[in-house]
Amino acid sequence: MFKALLLTKTPEGTTLADVASLDEAQLPEGEVLVNVAYSTVNYKDALAVTGQSPVVRKFPMVPGIDLAGTVAESLDARFKPGDAVLLNGWGVGEGHWGGLAEKARVKADWLVPMPAGMDARQAMAIGTAGYTAMLCVMALQDRGITPAAGPVLVTGANGGVGSIAIALLARLGFEVHASTGRMGEADHLKQLGATELIDRATLSAPGKPLQKERWAAAVDSVGSHTLANICASLKYGGTVAACGLAQGMDFPASVAPFILRSITLAGIDSVQAPMAKRLTAWERLARELPADVLEANTETIALETVAALAPRLLAGQVRGRVRVDLAA
């Protein structure tokens, strides 16, 4: 038997989240059984737990799009008992039981060997949010964005993606501007590496299709009018890596900045990203994110408190990353 956060749905359509004791025989099919040491709570996890968005595709479901731990059993030659592994994405926690449990059975193709110099605790201080932030940084670099090009804007700066994006970009020598709705967190954002803070209200309202050139690039987890205003404010040849929709799924923009300033809108998907890109991202995260920065940006909770924290995360009341200790 093992402990898990189990989501069920009432006949009226309400999602219930309860910590339950489950049997290994209830786990879904997969080649590898993992003893989970740590998981996380991301924005998508909070949507699943609260039922505020139809993230979960079938019930009952164990949420948790991230997990890190050790292999208990394996039918795949690539992994053996005792191997340290991590997993994020692939629909885990949405269509396949996920990481907010002491055990998970998953496909071998989904697992990433733990990078050298990283352990499960550190990996889940990063999680999908930090991994997505690295994919965004890689997309900017792939398109030739360098520190000499000018400042880079990061929206949702106090969230998981935003906070780690700031830390990564600052350590690469970029001038980082941080957009946030919580200006009281200025000291924390500056410790991460931000040099200028911008009230998100200045970006979230409808704006002109072409605005003053301000940023060489941006990492955006917000979408909607915010993303449209970023595009309108990028310097010639600039790139925005778009990875989220905290403000909305709409994109009320024009083609003006694309055809007059040759900007690029780079979409970032963390769920189905190919393994080669995943390995590169996680190896870079192991090298480029100091452990002390991660710990200062991470809150650790027990499985029993996940359901209570989820609404706070959706309301933008949680700073940085949330790591779940399955042994707590």
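User: How much space lies in the largest cavity?

Analyst: This is a predicted model, in which local features need pLDDT of at least 70 and side-chain atom pairs count only at pLDDT 80 or more, while totals for chains, interfaces and linings use all residues. Residues are numbered from 1 along each chain as its sequence is written, and side-chain values use heavy atoms, with hydrogens and water left out. A cavity is a set of points on a 1 Å grid over the protein atoms alone where a 1.4 Å probe fits but cannot get out; points are joined across faces, edges and corners, and volume is the space filled by probe spheres set on them. The search of the whole structure finds 1 cavity of 30 Å³ or more, and the space in the largest cavity is about 30 Å³.

User: Which element gives the largest share of the lining of the largest cavity?

Analyst: Lining residues, those with an atom within 4 Å of a point, are Ser163, Ile164, Ala167, Leu192, Leu289, Val293, Leu294 and Asn297. Helices are DSSP runs of H or I with at least four residues, and strands are runs of E with at least two, numbered from the N terminus. Both α3 (160–171) and α9 (291–296) supply at least two lining residues. The largest share, 3 residues, comes from α3.

User: How are α2 and α3 oriented to each other?

Analyst: Axes are lines fitted to C-alpha atoms, for helices over the stretch in contact, with angles from 0 to 180 degrees between N-to-C directions. The axes of α2 (residues 120–142) and α3 come within 8 Å and cross at roughly 50°. Angles under 35 degrees count as roughly parallel, over 145 as roughly antiparallel, 65 to 115 as roughly perpendicular and the rest as oblique. The two helices, α2 and α3, are therefore oblique.

User: How many nonpolar residues are in the contact of α2 with α3?

Analyst: Contact means heavy atoms within 4.5 Å. Residues of α2 including Ala125, Ile126 and Ala129 meet residues of α3, among them Gly160, Val161 and Ile164. Counting Ala, Val, Leu, Ile, Met, Phe, Trp, Tyr, Cys and Pro as nonpolar, Asp, Glu, Lys and Arg as charged, and the others, Gly among them, as polar, the contact has no charged residues, 3 polar and 12 nonpolar.

User: How many charged residues line the second largest pocket?

Analyst: A pocket is an open set with protein on both sides within 12 Å along at least five of seven lines. The second largest pocket holds about 160 Å³ of space, and its lining includes Asp142, Arg143, Asp269 and Lys277. By class, the lining has 6 nonpolar residues, 1 polar and 4 charged.
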